[in-house]
Amino acid sequence: MKIAVIQGPNLNMLGVREQHIYGQLKLEEIHQHMKAIAEQNGVELEFFQSNLEGEIVDKIQECLGDVDGIIINPAAYSHTSIAIRDALAGVGLPAIEVHLSNISAREEFRKKTITGEVCIGVISGLGLHSYGLALVGMIQIINEIRAMQEQQAQAEQKA
Ligand code: DQA
């Protein structure tokens, strides 16, 4: 099982930017936390961060046929990017959106996530744990999809 972790603009600045909102952890430390969970579950992770909308769109497209699911924090693009939304919808892979901060409790313009609307769900406000929980949830969802596909294949064989 392989899962892509896609990080949007300014997340490379974690640990420096607005610590009162995003905490002190660096992006690499969040990735280490996810790696530990992935190892326990025999899952491969691929990490990607970009400050550029088009590069994130390219990465999502490259996920098709390569990974089983996507965990994404589109950061500010969550509130603005129809292109990232369309890319997520276009590849049709199971995706979970995460946010470190609770976007429902912040400025009005952060309350709507147009990318989150095409994801299975959004985990927001739990800091590091937003990522950990997204990973645990994604592993379970991929296992459920696989089990369903197997059942369908068996039913087709019998028919
Ligand atoms: C964020 C929330 C966004 O509104 C913001 O633009 C970010 C980070 C979060 O993880 O809390 O850059 O995605």
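A polar side-chain atom of His99 sits 2.8 Å from an oxygen atom of the ligand. The exercises below use this predicted model.

**Exercise 1.** Find the polar atoms of Asn73 and Leu100 that face oxygen atoms of the ligand, and give the distances.

*Solution.* Start with Asn73. One of its polar side-chain atoms is 2.9 Å from a ligand oxygen. Go on to Leu100. Here a polar backbone atom is involved, 2.8 Å from an oxygen atom of the ligand. Now turn to burial. The ligand taken alone exposes 330 Å², and the protein buries 98% of that.

**Exercise 2.** List the residues around the ligand, sort them by class, and say which pocket the ligand takes up.

*Solution.* Walk along the numbering. Next, sort the shell. Five of its residues are nonpolar, four are polar and three are charged. The space it takes is the largest pocket.

**Exercise 3.** How many disulfides does a search of the whole structure find? Explain the result for Cys119, and decide whether Cys63 and Cys119 are buried or exposed.

*Solution.* The search returns zero disulfides. Cys63 is in none, and the nearest cysteine sulfur, that of Cys119, is 12 Å away. Look at the pair from the other side. The closest cysteine sulfur to that of Cys119 is in Cys63, 12 Å off, so the distance is too far for a bond. The cut-off for a disulfide is 2.5 Å between the sulfur atoms. Then check accessibility. Buried means under 20% relative accessible area. Cys63 has 2% relative accessibility, so Cys63 counts as buried. Cys119 has a relative accessible area of 10%, so Cys119 is buried too.

Key:
Residues are numbered from 1 along each chain as its sequence is written. This is a predicted model: local features need pLDDT of at least 70, side-chain atom pairs count only at pLDDT 80 or more; totals for chains, interfaces and linings use all residues. Side-chain values use heavy atoms; hydrogens and water are left out. A residue is near a molecule or strand if one of its heavy atoms lies within 4 Å of it. A polar contact is a pair of N or O atoms within 3.5 Å; within protein, one must be able to donate a hydrogen and the other to accept it, and residues adjacent in sequence count only if both atoms are side-chain atoms. Accessible areas come from the Shrake-Rupley method with a 1.4 Å probe; for residues, only the protein chains shown count as cover. On a 1 Å grid over the protein atoms alone, a cavity is a set of points where a 1.4 Å probe fits but cannot get out, and a pocket is an open set with protein on both sides within 12 Å along at least five of seven lines; lining residues have an atom within 4 Å of a point. A molecule sits in a cavity or pocket if more than half of its atoms lie within 2 Å of its grid points. Ala, Val, Leu, Ile, Met, Phe, Trp, Tyr, Cys and Pro count as nonpolar, Asp, Glu, Lys and Arg as charged, and the others, Gly among them, as polar. Buried means under 20% relative accessible area, exposed over 50%, partly exposed in between (1.4 Å probe, protein chains only).
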